[in-house]
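The exercises below are meant to be worked through with the sequence and the three-dimensional view side by side. Try each task before reading its solution.

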Amino acid sequence: MDRILVVDDEERIRTIIKKYAEFEGYDVTEAANGIEAVQICKEQDFDLIVLDIMMPELDGFSTCKKIRENKDIPIIMLSARGEEYDKIHGFELGIDDYVVKPFSPRELTMRIKAVLARRNAGTNSKDGHEVFDAEGLHIDFTGRIVTVDGKPVSMTPKEYDLLFYMVKNKGFALTREKLITDVWGYDYYGDDRTLDTHIKLLRSSLGEYRKFLVTLRGVGYRFEA
């Protein structure tokens, strides 16, 4: 059973999220503020955190930083504000999703499922390393190592970033815009043909396992293994 920590200074919000999450089979723990959340995370392990931004004493951004100092836990941020700055800042901190209040509890639970699915799809842990294996393709995310049929593959840093991102989002249709935004960054203003070039390089590097990089005409790409 996946464990979720819900952090929000509004008890009503925590109660609603907990009700829907428990209905979906999740084990839910609550925290009324950022300081409490940081302390709980030091003592317990969670599979995902739903974290409000606007909280007294320690806001969501600061809470995220403190938690990430010790643990890499997927985080979905909640905010009553939908400003682009908040979203960008959140994603720069490494959050996995961003939901603006007021939100649909059902939509939030679907986002929770999606984030957990992306994190768990095809990955496991070996000797403390997060790895992915499919046929003869082996990816060590922690060590940034890719091997094809036992032979190491040398790639550029951006190729690694693109491949790792697509594998961690295995099975999801990724638009060209999303790939460019999430891999190259919000401040990237280059030609989107750069993406196509890197996909071609990846396919060349992966050999017969290029079949895992599926082109979605008019949309983007999907990693399917």
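The face of helix 2 turned away from its buried side carries Lys-42 and Glu-43, which are exposed (exposed means over 50% relative accessible area, buried under 20%, and partly exposed in between, with a 1.4 Å probe and protein chains only). This is a predicted model, in which local features need pLDDT of at least 70 and side-chain atom pairs count only at pLDDT 80 or more, while totals for chains, interfaces and linings use all residues. Residues are numbered from 1 along each chain as its sequence is written, and side-chain values use heavy atoms, with hydrogens and water left out. Helices (H or I, at least four residues) and strands (E, at least two) are DSSP runs, numbered from the N terminus.

**Exercise 1.** Find which residues of helix 2 are buried, and work out why they line one face of the helix.

*Solution.* Begin with the list: in helix 2, which spans residues 34-43, the buried residues are Gly-34, Ala-37, Val-38, Ile-40 and Cys-41. Seen down the helix axis, these buried residues fall within an arc of 165°, so they line one face, the arc being that of the directions from the axis to the C-beta atoms. As background, an α-helix has 3.6 residues a turn, so residues three or four places apart point the same way. Next, look at what this side packs against: strand 1 (3-7), strand 2 (27-31), strand 3 and helix 3, where contact means heavy atoms within 4.5 Å. Finally, at the start of helix 2, a side-chain oxygen of Asn-33 comes to within 3.2 Å of the backbone nitrogen of Ile-35.

**Exercise 2.** Locate the cis peptide bond between Lys-101 and Pro-102.

*Solution.* The bond from Lys-101 to Pro-102 has omega near -5°, and is cis. Pro-102 itself belongs to the loop between strand 5 (97-100) and helix 5 (105-120).

Definitions and conventions:
A polar contact is a pair of N or O atoms within 3.5 Å; within protein, one must be able to donate a hydrogen and the other to accept it, and residues adjacent in sequence count only if both atoms are side-chain atoms.
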